[in-house]
Every structure is written in structure tokens, then in C-alpha cells.
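Here's a chain to walk through, starting with its layout and ending at a single side chain. Keep the viewer open as you read.

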Amino acid sequence: MNKSLNRRWTLVMVLMFGMVLLTACGTKYAALPINEDVDICAICKMQVKDDAYATQLTTKDGQNYKFDDIGCMNQWKTENGTDNIGMDYVRDYNDKEWIEYSKATYVYDASLRTPMAYGILNFKDKPSAEAFIAEQGVGTIMTAEDLASHDWKQNTENMDMMGEHGHDAHGHGEEGASEGTHQEGEMEEESGH
């Protein structure tokens with residue numbers, strides 16, 4: 001009987017230890033700040049700007065990956081799977097606040113300029129996305145579930161129009177991209193390159 005009792009106590013202890021571990025594993029994930037001096041996109045190896053296009057994910061084992069465009073984050077997920085992702089984040093286009101990927105509302109149009117020309121912008125709620133579409137006159141509202149079946153094509157024409165390294169040199173919108181490209185050309189002429 002002692003052997004049976006010992007086995008039961010051992011089983012109870014193992015179960016209790018397992019429950020303690022599960023409780024302790026209730027890991028809280030948080031988006032990390034962007035450091036433009038060192039943060040490089042895990043996919044395209046471009047600098048991650050501290051702007052509305054930055055995205056990131058943290059794996060369950062604590063590895064953090066940052067991306068300069070939501071399309072790059074999607075490519076990482078395609079290559080590495082999603083089972084080990086603890087949390088993934090995008091930034092609100094208007095105020096740059098971090099939002100959980102699954103809770104954001106997205107606007108897609110091939111003509112929208114993003115660092116790697118995927119044409120997807122992130123918003124913290126549907127009214128903000130609708131206001132953007134009403135103001136710009138383009139775009140389709142999407143959810144995270146919709147993005148799962150999105151074709152993720154890059155608009156190569158927009159990539160050609162973006163400033164060096166695919167980033168709009170002056171923030172959001174077409175005017176900034178045009179100005180950024182023009183000013184870079186002027187700087188090259190002045191320096192003789």
C-alpha cells in the first residue's frame with residue numbers, strides 16, 4: 001500500500017507543479033519601442049522607422065521581431081508559422097499607438113504608399129478607417145481575418161516612387177513621397193553623385 005500511496009502523492013505533486021507552471025506562464029506581452037538607430041526589419045533588412053508603418057511580434061519564447069511594413073510581418077509569419085507567436089502588433093496610422101494585430105482595422109488599396117508597397121494601413125477602430133477612406137476616396141476596410149486570405153502583392157510602381165530604402169522621406173501620403181524623392185535627387189546633384 002505504501003507504494004500505491006507514494007505514487008498517488010507523486011502524481012498529485014506533479015499535477016500541482018504543472019498547475020503552478022501554467023499559472024506562472026500567463027506571460028504578458030507588450031510592444032517594444034522602436035529604436036531607429038538599431039532596429040532593422042527582420043525580412044527586408046531595411047531600417048524600421050518610428051512611424052505608423054512599423055509592426056512587431058514577440059514569440060512565446062521571448063524573441064522580438066520588428067518590421068518596417070505589415071507585409072514584411074506577413075512574410076515572416078508565412079515563413080515561420082504562427083503557432084509560436086505570443087503577440088503581434090501594428091500601429092495606428094493616426095497616432096502611432098500600438099494595437100494588437102487581431103484587434104486593428106485595416107485599409108487596403110494598391111495605391112496607398114507604405115514602405116514596402118503592400119498598400120495596407122492600420123487603424124485602432126473602424127470609424128477611423130472609414131474616416132480615412134472618406135477623406136482619401138480610396139480603400140477597402142479589412143479585418144485581421146480578411147488579411148489571412150489577402151494576396152499580399154507589392155505595388156512595384158509605388159516602390160519606385162518611394163524615397164531611398166522604400167521609405168517615404170516626409171511622412172504619410174503622396175505629397176510627402178513626391179517631395180522626398182525630389183529632394184533626394186537635388187541632394188545627389190549638389191553632392192556630385
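Going along the sequence, the chain reads α-β-β-α-β-β-β-β-α-β-α-α-α, which comes to 6 helices and 7 strands. Those labels are DSSP runs numbered from the N terminus: helices are H or I with at least four residues, strands are E with at least two. This is a predicted model, where local features need pLDDT of at least 70 and side-chain atom pairs count only at pLDDT 80 or more, while totals for chains, interfaces and linings use all residues. Residues are numbered from 1 along each chain as its sequence is written, and side-chain values use heavy atoms, with hydrogens and water left out.

Strand β1 (residues 55–59) is joined to β3 by 5 bridges, and the two run antiparallel. Along that pairing, leucine 57 stands opposite aspartate 88 of β3.

What about the inside? The largest nonpolar core has 24 residues, and Phe67, Ile70, Met73, Val90, Tyr101, Tyr106 and Leu147 have the most contacts inside it. Such a core is a set of buried Ala, Val, Leu, Ile, Met, Phe, Trp, Tyr and Cys residues joined through side-chain atoms within 4.5 Å. The elements giving it two or more residues are α2 (70–80), β3 (85–91) and α4 (144–147), with α2 giving the most, 4 residues. Apart from this core lies another, of 10 residues, including Tyr53, Tyr93, Leu112 and Leu121.

Click on valine 90 to see some of this up close. Leaving out residues up to four places away in sequence, valine 90 touches a list that includes Ile70, Met73, Tyr101 and Tyr106, where contact means heavy atoms within 4.5 Å.

Last stop: glutamine 154, in the loop between α4 and α5 (156–161). Is glutamine 154 buried, exposed or partly exposed? Partly exposed, because its relative accessibility is 35%. Methionine 116 is 38 residues from glutamine 154 in sequence, yet their C-alpha atoms are 7.1 Å apart. The side chain of glutamine 154 reaches the backbone oxygen of methionine 116 at 2.7 Å.

Definitions and conventions. Buried means under 20% relative accessible area, exposed over 50%, partly exposed in between (1.4 Å probe, protein chains only). Two strands pair if DSSP finds at least two bridges between them. A polar contact is a pair of N or O atoms within 3.5 Å; within protein, one must be able to donate a hydrogen and the other to accept it, and residues adjacent in sequence count only if both atoms are side-chain atoms.
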